Amino acid sequence: MYRNDRLSRVFALILICLNIFVITVPFAIEALRSAGISRYDLPARLNISRDGSLPEMFNYGQAALCALFLFGIWLRTRELMFLAWSLIFGFVTLDDAARFHERGGLLLAATFDLVSLPGMRARDTGEIITWSVVALGLLAPLLWSFWQSRPRQQALGSVFLLLFACLVGFAVAVDMLHFLTGSKLVGYAEDGGEMLSIAGRLLQCVHPLSRAGALCGSSGIGSEPAVLEADITELLKRPREQKE
């Protein structure tokens with residue numbers, strides 16, 4: 001996918017290295033402390049599970065950049081599926097930064113005296129309800145745009161959907177497991193998994209945006225949508241090269 005796109009290759013390498021660094025440094029500090037090798041405590045600003053920490057801020061930036069890239073692809077291709085995905089990642093950024101579903105869960109639990117599900121708190125039930133309501137509102141336009149897209153765009157959208165399912169799995173299922181077990185290892189799996197899921201989505205966006213931008217620079221935005229579509233999805237139809 002990045003073979004003839006040096007800018008995308010450099011971006012991908014930097015992004016992967018940053019994610020590995022942000023996840024492994026706090027883990028290594030805590031692991032050395034637990035093993036008695038080091039007496040150095042993990043600073044609060046490096047705690048990957050702490051709101052407002054540097055790793056959390058880094059992940060906010062990833063999600064916001066993903067929303068921006070998807071919006072840029074939509075501007076160049078006018079494919080509504082990319083706009084729908086941009087709105088979803090815009091909400092993900094808002095939710096992470098403003099703790100929307102946590103606040104919504106507390107409000108619902110206090111207002112309606114929600115029943116606690118087995119092994120969970122009433123606020124957890126409220127968070128699930130909040131996420132479900134928001135998901136219905138965001139997935140409806142996504143599914144409609146997916147249905148209206150061409151087959152090649154639908155194939156690309158399926159890859160996006162798989163990566164987003166991974167993000168939801170870590171954010172909801174592994175988060176609940178972390179609450180039930182209290183394990184720091186599960187906590188790292190949750191936060192690290194969320195971070196890598198968003199990074200994977202960002203990597204899926206940078207090459208189509210770069211290629212679409214290059215074409216638009218010479219032909220004008222929206223002047224040849226068929227060419228733009230073929231270029232964005234060329235990785236899905238490119239045959240394997242025959243060995244000499």
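A cavity, on a 1 Å grid over the protein atoms alone, is a set of points where a 1.4 Å probe fits but cannot get out, and its lining residues have an atom within 4 Å of a point. This tour concerns a predicted model, in which local features need pLDDT of at least 70, side-chain atom pairs count only at pLDDT 80 or more, and totals for chains, interfaces and linings use all residues. Residues are numbered from 1 along each chain as its sequence is written, and side-chain values use heavy atoms, with hydrogens and water left out.

**The cavity**

Select I48, P55, E56, N59, D191, E194 and M195, which line the largest cavity. Its volume is about 30 Å³, a volume being the space filled by probe spheres set on the points, which are joined across faces, edges and corners. Helices α2 and α7 each supply at least two residues of this lining; helices are DSSP runs (H or I, at least four residues) numbered from the N terminus.

**The pocket**

A pocket is an open set of points with protein on both sides within 12 Å along at least five of seven lines. The space in this largest pocket is about 960 Å³.

Then display α2 (54–77), α3 (80–98), α4 (100–112), α5 (122–148), α6 (151–181) and α7 (184–219), each of which supplies at least two residues of the pocket lining. Finish on α5, which gives the most to that lining, with 10 residues.
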